[in-house]
Amino acid sequence: MALPPHVDRDDLMSTLREELANLPGAPSTEPDAFWDVIMHWLIQWRLQYQAKDLANSQPTAFLLEPENYVRNDKWTLAPLFREALAENLVDNAALFLTSASMHQVFRTTVKQADVESLYMTIMRLGLGMQPCLIYIPSHGAVIWCPNGVAGDRKKRFTMLFDQFETIDQAAIDKALEDFHKDYTSFPDGWANIWHNANQGIVEKKTENTIRNWLCHYLKFRIFKSSHVAREYQLTSGRADIWIGGLNTTPVSTYILELKVLRSRHFPGKSTKARSISDTATLRYAKSGVRQAARYKASDGAQLAYLCCYDARDTNVTLIDVASDAATNGILYRQYYCERTSKAA
Amino acid sequence: MILKDGTASMGRRIWLLLLLRACARAGLRPVSKLRLHRLIFLSNCLAPVYGETPLDEKVIKYKWGPYYPEAQWDIDRMAIQGLVALTDVEVSKDKRNGWWLHANYELLAKGRELCEEVIEVMLLEKVFEFLSELAHGYATLDDAVLDNVALKDATYNAPAVAEWAPIDFSEIKNNYSALTASAFGDLLPIQVSPNAREQVQLYLRYLARVAKKNFVNN
């Protein structure tokens, strides 16, 4: 169908270039959408106040407001909070209560200025199960609690503000290396992939875990310069991660296909670990090469990667897979996941 | 609910309850009467993007923006039934057009429970998903343009439609909103299409851009 004649194509194109990268990566009803909006806002704030000395600044928490929450008089509306980017955000320890859109933001100050005290205050307010993002400005870190501060999943990581100006192989390689260093190289890495590191068994859905964290990471590392999407539907299938460099002409796209290599796993619902042969591993990894090649061809992507996160017993490069990838024009990367934090 | 005109009103009330719930989740609580009618209109125009049938496929081009008298009747009835809270009521008088009621609306606990029930029993998850994305996308826009974005809508601004004239967008070729939303796909690299959620979000941001542009130029 043709564009309606009274609709300005330039306005549409400008909207696409400026807004596509800012769209939440998840449906609005999922905690990830809250994460997206708050992180987007925090990065804007931090970029605006890069020169501000945050060494003595207070941690602050953003909580997803339950839809039926009755606010007491300790919560005050912070007018135009989202737009104003107030410089004094972290001058006092505070809690902010808002929706996934940040349409209205309510604020309450807290007396104590450390993270543990924030946890206690949040639980006393009956908000312990609400998705929560805590910003620690003095460390440039955030703690993301998708199940609330009372929940069992908390992830801490460093905020990154250096944006790549050009999306190219060097930039993507650097981002992948940095991601591996912080998220998957050691058991205490933030992706938390191990079911039992001593036994060499990763969680069942480790591919999904790595994909989701890598997507978050790339989105904020390449923030505003491109669109990063997970499980992006192409005509030939679903690419694990798709990056669109919309600021280039012509538009350039990049595909990342992810695999996790294992020495053993729990098949199905079994609780008894079963070994995975080298042959099976090779077959699995080579299937990744074929997938990446297929997506690259159908998408016309500039680059396509096969990234293997290697959780096997020994750190051995899959030379056959690397060769197969090179033949098919796929960039092969293998990242070894250590079992102990003391490993060299 | 025993209603004067039965099924149509029941369907409308369910849609309105789901929309109010979506507004609450998006942080639009309470939502003003003016904004609620804007959202009803946008939900009607953009429902085809999600493959859903809208509540109403026509609207009168009122000077003050989209307004649905029957929906207003249903909202006020649901307020009496204790499903919706009605607050901050004010009346004003326009010399030409008479009295006008201003109010804010918010779903109550009983309304929320009913929403849960209808979503499950009537298999309306997809409708609620659509209304949630619409309300969320609307709520992410700058406050300064929220009242006006619907007035910049491609269907509402269809050429050669005078004030007080009906706009019928029951045929997709006349639903310029849905057509514009889907046009974003044509501007992206081949083989890659924005999904329904992204189309709705991008369309709302496009309307905000146009509203701001007009605001600056005026």
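Which residue caps the N-terminal end of α4(A)? In this predicted model, the cap is Asp114(A), a side-chain oxygen of which lies 3.3 Å from the backbone nitrogen of Glu116(A). Local features are reported at pLDDT of at least 70 and side-chain atom pairs at pLDDT 80 or more, whereas totals for chains, interfaces and linings use all residues. Residues are numbered from 1 along each chain as its sequence is written, chains are lettered from A in the order in which they are written, and side-chain values use heavy atoms, with hydrogens and water left out.

Helix α4 of chain A comprises residues 115-124; helices (H or I, at least four residues) and strands (E, at least two) are DSSP runs numbered from the N terminus. Its buried residues are Val115(A), Ser117(A), Leu118(A), Tyr119(A), Thr121(A) and Ile122(A), where buried denotes under 20% relative accessible area, exposed over 50%, and partly exposed the range in between (1.4 Å probe, protein chains only). The cover over these residues includes the chain A strands β1 (60-64), β3 (94-98), β5 (132-136) and β6 (141-145). After α4(A) comes Gly126(A), with a positive phi near 75°.

Helix α5 of chain A has 16 residues (169-184), and its end C-alpha atoms are 21 Å apart, in agreement with the 22 Å that should be spanned at 1.5 Å a residue; the expected span is 1.5 Å times one less than the number of residues. At the start of α5(A), a side-chain oxygen of Asp168(A) comes within 3.3 Å of the backbone nitrogen of Ala170(A).

Tyr336(A) is buried, at a relative accessible area of 12%. The C-alpha atoms of Tyr336(A) and Trp190(A) are separated by 15 Å, the two residues being 146 apart along the chain.

Across all chains, the count is 26 salt bridges, each defined as a side-chain nitrogen of Lys or Arg within 4 Å of a carboxyl oxygen of Asp or Glu. Within chain A, Lys52(A) and Asp91(A) form one such pair, with an N to O distance of 3.3 Å. Lys52(A) lies in the loop between α2 (31-48) and β1 and Asp91(A) in the loop between α3 and β3, so the pair ties together parts of chain A that are 39 residues apart in sequence. Lys52(A) is buried at 19% relative accessibility, whereas Asp91(A) is partly exposed at 41%.

The contact between the two chains takes 49 residues from chain A and 45 residues from chain B. About 4000 Å² is buried between them, 58% of it on carbon and sulfur atoms; buried area is the accessible area (1.4 Å probe) lost when two parts are put together, summed over both. The interface of chain A and chain B holds 19 residue pairs in polar contact, both residues being at pLDDT 80 or more. A polar contact is a pair of N or O atoms within 3.5 Å; within protein, one must be able to donate a hydrogen and the other to accept it, and residues adjacent in sequence count only if both atoms are side-chain atoms. On the side of chain A that touches chain B, the elements giving two or more residues are α1 (9-19), α3 (81-84), β10 (227-234) and α7 (278-299). Of these, α1(A) gives the most, with nine residues. By class, this side of chain A has 21 nonpolar, 17 polar and eleven charged residues; Ala, Val, Leu, Ile, Met, Phe, Trp, Tyr, Cys and Pro count as nonpolar, Asp, Glu, Lys and Arg as charged, and the others, Gly among them, as polar.

Six salt bridges are counted between chain A and chain B. In one, Glu19(A) meets Arg205(B) at 2.8 Å, N to O. Glu19(A) lies in helix α1 of chain A and Arg205(B) in helix α8 (residues 196-217) of chain B, so this pair joins two chains. Arg205(B) is buried, with a relative accessible area of 13%. Glu67(A) and Arg25(B) form another salt bridge, their closest N and O atoms being 3.0 Å apart. This pair crosses from the loop between β1 and β2 (76-77) of chain A to helix α1 (residues 6-25) of chain B. Glu67(A) is buried at 16% relative accessibility, while Arg25(B) is partly exposed at 32%. Salt bridges with shared partners also join Glu65(A), Arg71(A), Arg29(B) and Glu106(B) into one network, in which the closest N and O atoms of Glu65(A) and Arg29(B) are 2.9 Å apart.

How values were computed: Contact means heavy atoms within 4.5 Å.
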